[in-house]
Amino acid sequence: MPTAILLALAAAALYGASDFLGGLLSRRSHYALVGLVGQSAAAIGGLAAALAVSVRPAMGTIGWGTGGAIGWGIGAGLGGAVGTLALYRGLSRGRMNVAGPLSAVGAAGLPIPVDLLSGGEFTSLSVVGVGLAIPGIWLVAAQPGRRGGGGVVEGLLAGLGFAALFVCLDRAGDAAGLWPVAASQLSAVAVLAVFVLAGRRSAARTVEAGRTVDVDRPAGAARVPWAAVWPGVLGVCSTVLYALSTREATLAVSAVITSLYPAFTVALAALVLRERTSLAHAAGLLLCAASVGAFAAG
């Protein structure tokens with residue numbers, strides 16, 4: 001269990017760093033382009049990691065059946081891509097105070113009933129850890145002072161997508177090595193590529209018609225943000241660490257600890273950008289730290 005906690009905590013740290021860098025780059029480039037470049041780098045990294053462990057997936061690990069690890073990996077990638085697009089759409093429209101917390105809490109909370117229904121067991125300290133983590137995640141993901149109408153749909157969809165990523169990678173097991181991770185990154189690239197290409201064509205038709213281009217559509221002449229490779233590298237490393245964590249602990253424990261990633265994003269914003277940490281953020285960080293302690297003790 002301690003090894004699993006360390007792996008999940010490291011995954012949370014890298015996810016938080018990836019979101020921090022991705023958020024900075026999205027201030028200068030369209031979020032979909034940032035996501036596509038980063039995800040392309042993640043796909044290459046995922047393939048390299050899978051090949052380093054095993055040249056090809058074992059027989060019987062392709063599909064959706066009992067041994068369908070690759071199929072579960074594809075499902076994880078689809079969930080992650082949908083979650084990312086829904087979250088960024090909510091954030092880009094100024095709905096940070098709703099979409100952000102809902103997505104983070106959904107990613108942490110939804111795998112818990114899945115784990116219970118699958119026969120997972122919780123120690124009393126693990127229950128305490130979950131109880132501390134959920135409000136802690138909400139507090140650190142919230143954006144005090146920022147208000148925007150709506151955001152509930154985007155937040156719920158993002159949380160569902162990220163939860164699907166966690167659940168599917170857990171269900172993939174370890175029979176196929178890291179090929180489920182590679183499959184997840186490749187399927188996510190496909191979704192983001194379709195989104196960007198559709199947005200470019202839509203923007204081109206809008207310009208030809210003499211209308212204003214929607215900010216949600218990646219402009220055809222947008223420059224490629226190559227620096228987004230780094231968030232992608234961090235992202236695939238965190239996904240690998242999470243997948244390894246699920247082999248040592250229950251789905252709920254790994255998912256909840258990994259979902260503490262907003263705490264690391266907030267910490268980086270305070271250290272690098274000198275953003276002021278609100279009382280809500282400070283309380284959330286303390287709750288997150290206490291939850292990790294409870295999981296470790298349990």
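Which residues form a nonpolar patch on the surface?

1. The patch consists of Val82, Leu110, Leu157 and Leu160, which together have about 320 Å² of accessible area. Patch members have over 30% relative accessible area and no salt bridge, and nonpolar side chains are joined within 5 Å. Areas come from the Shrake-Rupley method with a 1.4 Å probe; a salt bridge is a side-chain nitrogen of Lys or Arg within 4 Å of a carboxyl oxygen of Asp or Glu.

2. This is a predicted model, in which local features need pLDDT of at least 70, side-chain atom pairs count only at pLDDT 80 or more, and totals for chains, interfaces and linings use all residues. Residues are numbered from 1 along each chain, and side-chain values use heavy atoms, without hydrogens and water.

3. Leu157 belongs to helix H7 (residues 152–172); helices are DSSP runs (H or I) of at least four residues. Leu157 is partly exposed, at 40% relative accessible area, where partly exposed lies between buried (under 20%) and exposed (over 50%).

4. Two cavities of 30 Å³ or more are found in the whole structure. A cavity is a set of points on a 1 Å grid where a 1.4 Å probe fits but cannot get out, and lining residues have an atom within 4 Å of a point.

5. The largest cavity holds about 590 Å³ of space. Of its 30 lining residues, Tyr15, Ser18, Asp19, Gln39 and Thr84 are the closest to its centre. Helix H3 gives the largest share of this lining, seven residues.

6. The second largest cavity has a volume of about 40 Å³. Its lining includes Leu169, Pro180 and Arg247.

Methods
Patch = residues over 30% accessible without salt bridge, like charges linked within 9 Å, V, L, I, M, F, W, Y side chains within 5 Å. Helix = DSSP H or I, 4+ residues; strand = E, 2+ residues; numbered from the N terminus. Buried < 20%, exposed > 50% of the residue type's maximum accessible area, 1.4 Å probe, protein only. 1 Å grid on protein atoms, 1.4 Å probe; cavity = no way out; pocket = protein on both sides within 12 Å on 5 of 7 lines; lining within 4 Å. Points joined across faces, edges and corners; volume = space filled by probe spheres on them.
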